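Please look through the sequence and the model below. The paragraphs that follow take the sheet, the helices and a few single residues in turn.

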Amino acid sequence: MKNKINALLKEVEGFSAESLEQLETFRIKFLGKKGLVPALFADFKTVVPEERREMGQLINTLKQSVQNKIVSLKDTLDQQSDLQDSGFDLSLPALSPMGTRHPLSIVRNEIIDIFSRIGFSVSEGPEIEDDFHNFTALNFPEDHPARDMQDTFFIEKDPDLALRTHTSSVQVRVMEKTQPPIRSISPGRVFRNEAISARAHCIFHQVEGLYVDENVSFTDLKQTLFYFARELFGENTKIRFRPSYFPFTEPSAEMDVSCNICGGKGCNICKYTGWVEILGCGMVDPNVLEACHIDNKKYTGFAFGMGIERITMLKYQVNDLRLFFENDLRFLKQFEAAR
Ligand code: PHE
């Protein structure tokens, strides 16, 4: 009996478990109702009186060592499973800095910054917009071909709703709520039903601006956008305006900046013209002011709108717009050093 117990003590000492199931099998083998330890206690009755004391102590030692083994293995197994559940190795040093800004966010923030220095504040609005705010209030007559200028995603269940095609809709909401003076810019996501290519996407980002007050003239528009272009592209940047058409502005123009890559000498970015188009603008049509309950005899205003993707492509010489939406780390990492 003594030899048997000593052999079992050795077995317990050398035992280790990889799972709680294995540990439970071990417990049942030794301490279960029909286990080895109860069996030894049963055999104890047959032990001769001279040996009883020694045998009793040995069996108790065995029982104790089984119990100690179970407690310590259970501790270790619990700790391991906690760590696995969290998925973290808490002993690793932190990676720093964590993440970087997306290039579109960097440029959007820079644009907001430039306009806020001259008193523009940021306004935001819904991406799902009704016909009035996206079109009608902006002087797009119903069934007018101008609506085709912006291929629209309509919401099937409600023909009055669509994904906004520009953030001019936000400016309508600002004018409805506020009387002049108004100086507001609206950054945001817009949607157009266009084929995806290196130069176009069905989702893109805009910043549109609006300035309404007494005596606002085209000179104010020109000077504001000149300041903006120089802040964004550098102090030697030149601007020029070409006549254009938008239903909500009259007169309307498109603004070009001198190519910041070749400095106006001509390169493949500016298609050897020395100029790149960056935004649409114009004097707010009096009909728009009226639709938003602003006195169009007393007030005038200018508005402008630009695509953030296009500006980012120019600023960082990105030649494919799709890169902004793919979240390829090899692309995003290149902006780590930017603000
Ligand atoms: N809303 C126009 C667009 O999305 C841009 C624009 C805004 C043009 C304001 C003129 C004035 O294309």
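Two strands are taken to pair if DSSP finds at least two bridges between them. The model shown here is predicted. In it, seven strands make up an open sheet, and their order is β1-β4-β5-β9-β8-β7-β6. The pairing within this sheet is mixed. In general, the strands of a sheet pair through backbone hydrogen bonds, either parallel or antiparallel. The edges are taken by β1 (121-122) and β6 (239-246); each has a single partner strand, so one side of each is left without a neighbour in the sheet.

Strand β4 covers residues 182-191 and strand β5 covers residues 203-213. These two strands run in the antiparallel sense and share 10 bridges. In this pairing, F191 stands opposite I203 in β5.

Helices lie against the sheet. Helix α7, residues 168-177, lies across β4 and β5, and its direction is at about 145° to β4. Helix α10, residues 308-316, also packs on the sheet, where it touches β5, β8 (275-284) and β9 (300-307). The direction of α10 makes about 60° with that of β9.

Which residues of α10 are buried? They are I308, E309, I311, T312, M313 and L314. These buried residues pack against strands β5, β8 and β9, and also against the helices α5 (103-116), α8 (218-233) and α11 (323-326). After α10 comes Q317, whose phi is positive, near 55°.

The loop between β3 (161-163) and α7 holds T167. Is T167 buried or exposed? Its relative accessibility is 0%, and T167 therefore counts as buried, the limit being under 20%. Leaving aside neighbours within four places in sequence, T167 is in contact with S186, P187, G188, V190, Q206 and E208.

Another part of the model is a pair of packed helices. Two packed helices are described in general by the angle between their axes and the distance between the axes. For α3 and helix α4 (residues 49-86), the angle is about 170° and the axes are 10 Å apart. That makes α3 roughly antiparallel to α4, because angles over 145 degrees are counted that way. On the α3 side, the contact is made by V37, L40 and F41. On the α4 side, the residues are I59, N60, L62 and K63. By class, the contact has five nonpolar, one polar and one charged residues.

Helix α3 spans residues 36-43, and D43 is found in this helix. With a relative accessible area of 36%, D43 is partly exposed. How far apart are the C-alpha atoms of D43 and K177? They are separated by 94 Å, and the two residues are 134 residues apart along the chain.

The last topic is the cysteines. A disulfide is, in general, a covalent bond between the sulfur atoms of two cysteines. The structure holds zero disulfides. C281 is in no disulfide, and the nearest cysteine sulfur to that of C281 belongs to C292, 19 Å away. A disulfide would need the two sulfur atoms within 2.5 Å. C281 is buried, with a relative accessible area of 2%. C292 is likewise in no disulfide, and at 0% relative accessibility C292 counts as buried.

How values were computed. Residues numbered from 1 in each chain as written. Predicted model: local features only at pLDDT ≥ 70, side-chain atom pairs only at ≥ 80, totals over all residues. Heavy atoms only, no water. Helix = DSSP H or I, 4+ residues; strand = E, 2+ residues; numbered from the N terminus. Contact = heavy atoms within 4.5 Å. Axes fitted to C-alpha atoms, helices over the stretch in contact; angles between N-to-C directions. Buried < 20%, exposed > 50% of the residue type's maximum accessible area, 1.4 Å probe, protein only. Parallel < 35°, antiparallel > 145°, perpendicular 65-115°, else oblique. Nonpolar A, V, L, I, M, F, W, Y, C, P; charged D, E, K, R; others polar.
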